[in-house]
Amino acid sequence: METGANRRRSKEVRFQLRKGDTYQDVISHSVDLGPVVESARDVGILLSRENAELRKRPIPAIVQSPDYRLPHDLRTWSLDYLTYRARTAKIYNDSALCLASDLLSDDVVKLRAGRYFDFMCSNLLAPSDIWEVGRKSPALRGRDLILDPDGRLVSFKRSRLANLIGVSTLAFTTDGQLLLVAQTDDNIGSPGLLAPSGSGALEPKDVPDNTEECTIQKVMIRGAERELREECHLTERDLENSSLVGHGRWISRGAMPEFCAVTLLGLTGDQVLERSPRRVERSYVHEFMPVSLAPPRLWDPSRPLDMLPQHRQAASWPLALGLACLAECINDESWSLREDLLTRLEG
């Protein structure tokens, strides 16, 4: 009886994606947070002031209880929405870490455990409106999930969404090439687009065992390097050094948090091409490819895709964000990887 009722209900509910929503009004209310970052399909904000603090000092982090739970009103639509998403991509319900506070509002950044399905039914639902048969207005407006009554982005501390933490890294070979990953159409992250060298979601295993030394920088780098090793078939010995370069809010995906790092590899571009995606990753990774960036003197955080002249139309939003953060860091003489990276790029 329950299965039959769910099937009847699914025919009366429609999830209408707001494809033409460019969020220009949201951006205009967020100029104090940082510059806008746009990709071929999505839009978000680079959090410049917070990123400067990320590069300046270690910021403590803790995993707090309880775990994230989907609010009752969103749980009402969860089964219908998961069924809808399962038609277009492979979905799974692994554990992940979510952001429960803002970086500079508290002394300690608070993380909490969550499930991927909760993220899908909150952040990934936000770009859509829910319509029911016979109604003249939406049963739920997705924009209301990320904005306050004044039209500003809701802070992570006050957000009702899961806010699963995205992590990625830009890996550079010894001969100065950036390693990109071409994602398959089954990848729910950025299907069919070019992603950073490693990208995905932060997981509980990325938190160091020693909680006294747990900082947001260490946690994000551990997650980004894990994704890099998994997606590009690398080992720990192939990675020389990494640095967290910044983060932003991916407005087109429920204003979720996205952190990005830079990693220096101990391999040339040709040596990377000798590898192939692992079998378990082939559903999500089509290939990885070393590419050359524009000269560093031309890098501009407000125009990150100009750094990638041959592939700008295929760039995912995490890739655009990572390039924008990198353009900021390259002008910061105190950034730890600046000299080594410039040597590779100019050599």
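Which strand and which helix each supply at least two residues of the lining of the largest pocket? Select strand E1 (13-17) and helix H4 (72-86) to see them. Helices (H or I, at least four residues) and strands (E, at least two) are DSSP runs, numbered from the N terminus.

Before going on, a word about the model. This is a predicted model, in which local features need pLDDT of at least 70 and side-chain atom pairs count only at pLDDT 80 or more, while totals for chains, interfaces and linings use all residues. Residues are numbered from 1 along each chain as its sequence is written, and side-chain values use heavy atoms, with hydrogens and water left out.

**First stop: the largest pocket**

A pocket here is an open set of points on a 1 Å grid over the protein atoms alone, where a 1.4 Å probe fits, with protein on both sides within 12 Å along at least five of seven lines; lining residues have an atom within 4 Å of a point. The largest pocket holds about 900 Å³ of space. Now select Leu17, Asp42, Arg85, Pro127 and Ser252, the closest to its centre of the 30 lining residues. Helix H4 gives the most to this lining, with three residues.

**Second stop: the second largest pocket**

Next, pick Tyr92, Ser199, Gly200, Ala201 and Glu227, which lie nearest the centre of the second largest pocket. About 590 Å³ of space lies there. Highlight helix H6 (216-232) and strand E14 (256-265), which are among the elements that each supply at least two lining residues. Helix H6 provides the largest share of this lining, four residues.

Conventions:
Points joined across faces, edges and corners; volume = space filled by probe spheres on them.
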